[in-house]
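Q: Please take a close look at one part of this structure for me, and then carry on to other parts of the chain. I would like a connected account that I can follow with the model open.

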Amino acid sequence: MTALSTENHILGLETSCDETAAAVVAGGTTILSSVVSSQVDLHARFGGVVPEIASRAHVELIGPVVADALGEAGVELGDLTAVAACRGPGLAGALLVGVSAAKALALVADVPYVGVNHLEAHCYAAWLDQPDLELPLAVLVVSGGHTLVVIMEGHGRYRVMGQTVDDAAGEAFDKVARHLGLGYPGGPLIDALAQEGDPEAIKFPRAMPSEPDFSFSGLKTAVVVHVARSPGANVADVAASFQAAVVDQLVDKLVRAADEAGAPTLVLGGGVAANSALRARVEAVAAASGRRAFLPPPELCTDNAAMIAATAWWQLQTNGPTPLDSGVEPSLALA
Ligand code: KG4
Ligand code: ZN
């Protein structure tokens, strides 16, 4: 074992959906390597993630991705303090690949295994870039599978203030993009096209304005109806107006939760947190309300394994290692 072992190096693995990722993080905050192999090309022609294809691709990719992460970090198995993997929520077969690999590596290295909640990890992505965040944090987790506002009251302590009652925000971006014939994944494509459109051209509905929960399926239907009734509609205007309706709903509910909890810091996580209009609005409302906004860089917002390793570091201090006989939890919730 080398001198590096005293610096608390955690290898994290993430395989909950269509990204095979491995990362080495030192001391819970310093990223030594973060390798993400996206399967987007494999799933694009189906317009969404196909679970069986995802599991098979994870099996093929996990070995090389781990080798790359260790190599880039200049760390050997014997230098690790723990090996962590995302244990849920996510696709069962996909999660099994990362969890099984992490347990095997932990056994070989003779170090603890830590099973991490994917939603918790999205909250911890912010700590990687900014280790001195002031609690409580109001965190908006917006991805292809999840949309929720969480108050992070302390390490490992969460209060879910609201979540989607139907589609996730990213799912709405993907479905609307498919309807507009833009391709997959839809979020980045709508984001780019919206730059050329007028966000006020069409007044799409803002769902459940007085509720803490989110809903996007009515908005999605409104876009479909609008396009059917106005075949010559300017697609950039539709994209910009749809995006504005999503951003309004997300930001209103984030700010309301922050007000209720007295949270001084707003944080974004999940793939949709890469959206340029959402980032700009969160910065603006934070400035207007005397709060601090912390927006992790897009590569830490989308699925990655550095967030898994960072969460595992905090989890080891509070709860200790995870038993090797614990499994995956595809429907794992937060709090
Ligand atoms: O967190 P993530 O990488 O994977 C999941 O856990 O789902 O999020 C993927 C989602 C997709 O729905 C994608 O369309 C959306 O994030 N997304 C975006 C943007 N970049 C990715 N949505 C809106 N604007 C973007 N720039
Ligand atoms: Zn995610």
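A: **The zinc site and beyond**

Let's start at the metal: H118 (NE2), H122 (NE2) and D303 (OD) coordinate the zinc ion (ligand 2) at 2.1 Å. Please keep in mind that this is a predicted model, in which local features need pLDDT of at least 70, side-chain atom pairs count only at pLDDT 80 or more, and totals for chains, interfaces and linings use all residues. Residues are numbered from 1 along each chain as its sequence is written, chains are lettered from A and ligands numbered from 1 in the order in which they are written, and side-chain values use heavy atoms, without hydrogens or water.

Donors here are N, O and S atoms within 2.8 Å of the metal (3.2 Å for Na, K and Ca); with water not among the atoms, sites may look incomplete. Along the chain, the donors of the zinc ion (ligand 2) are spaced as H-x3-H-x180-D.

Helices are DSSP runs of H or I with at least four residues, strands are runs of E with at least two, and both are numbered from the N terminus. H118 has 5% relative accessibility, so this residue counts as buried, and H122, at 0%, is buried too (buried is under 20% relative accessible area, exposed over 50%, partly exposed in between, with a 1.4 Å probe and protein chains only).

Now to the aromatic side chains. Six aromatic pairs turn up across the whole structure (ring centres within 6.5 Å, using the six-membered ring of Trp; planes under 30 degrees apart are stacked, over 60 edge-to-face, the rest tilted). F173 and F242 make an edge-to-face pair, because their ring centres are 5.2 Å apart and their planes stand at 80°. That pair connects distant parts of the chain, with F173 in helix α5 (residues 169-179) and F242 in helix α8 (residues 235-261), 69 residues apart. F173 and F242 are both buried. Elsewhere, one aromatic cluster brings together Y124, W127, W313 and W314.

Finally, strand β1 (residues 9-14) is largely enclosed by the rest of the structure, because six of its six residues are buried.
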